[in-house]
Amino acid sequence: MNAKSTVLKLTAVAASLAILSGCASTKALEEVRLKAEAAQAEATEARALANQAQGTANQAQGTANEAMNTADEAKQDAAEAKRISEQNREEMNRMFRRTMQK
């Protein structure tokens, strides 16, 4: 009977260890699942921030394009003003020369 008792005790200990290891495995799986969910949440947040940054970059590009267009228009206006100024100077010089010839 002593051998049977020892076998029963060992079986009970083995069963307890199996149950505990099963719980430990379940607990480990739960921890992994929680970590995976946290990583997924962080990835989702990172994607949202990246999309927001892309939107801001697109707005900045649009503003830069508008500024470039405005600068081009200003350059054209300045060139036209310079042309008119040179034309006026030439006309004033002609008028001065005519006055001096009289």
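To begin with, the model is predicted. The protein has 102 residues, and 0% of them count as buried. As for secondary structure, there is one helix and there are zero strands. That helix, H1, covers residues 2-101. The accessible surface of the protein is about 9300 Å². Carbon and sulfur atoms account for 60% of that area.

Now to the side chains. How many salt bridges does a search of the whole structure find? The search gives three. I will take them in order along the chain.

We start with Glu30 and Arg33. Their side chains form a salt bridge, with an N to O distance of 2.4 Å. Where do the two residues sit relative to each other? They are in helix H1, three residues apart, and so about one helical turn separates them. Glu30 is partly exposed, at a relative accessible area of 35%. Arg33 is also in the partly exposed class, with 36%. To put a cut-off on that, a residue is called partly exposed because its relative accessible area lies between the 20% limit for buried and the 50% limit for exposed.

Arg33 comes up again in the next pair. Glu37 makes a salt bridge with Arg33, and here the closest N and O atoms are 2.4 Å apart. Both residues belong to helix H1, with a spacing of four residues, about one turn of the helix. Glu37 has a relative accessible area of 44%, which makes Glu37 partly exposed.

Further along the helix we come to Glu80 and Arg83. The side chains of this pair meet in a salt bridge at 2.6 Å, again N to O. Glu80 and Arg83 are three residues apart in helix H1, about one turn. On accessibility, Glu80 is partly exposed at 36%, and Arg83 is partly exposed at 42%.

To sum up, the model has one helix and zero strands, 0% of its residues count as buried, and the search finds three salt bridges.

Technical notes:
Residues are numbered from 1 along each chain as its sequence is written. This is a predicted model: local features need pLDDT of at least 70, side-chain atom pairs count only at pLDDT 80 or more; totals for chains, interfaces and linings use all residues. Side-chain values use heavy atoms; hydrogens and water are left out. Buried means under 20% relative accessible area, exposed over 50%, partly exposed in between (1.4 Å probe, protein chains only). Accessible areas come from the Shrake-Rupley method with a 1.4 Å probe; for residues, only the protein chains shown count as cover. A salt bridge is a side-chain nitrogen of Lys or Arg within 4 Å of a carboxyl oxygen of Asp or Glu.
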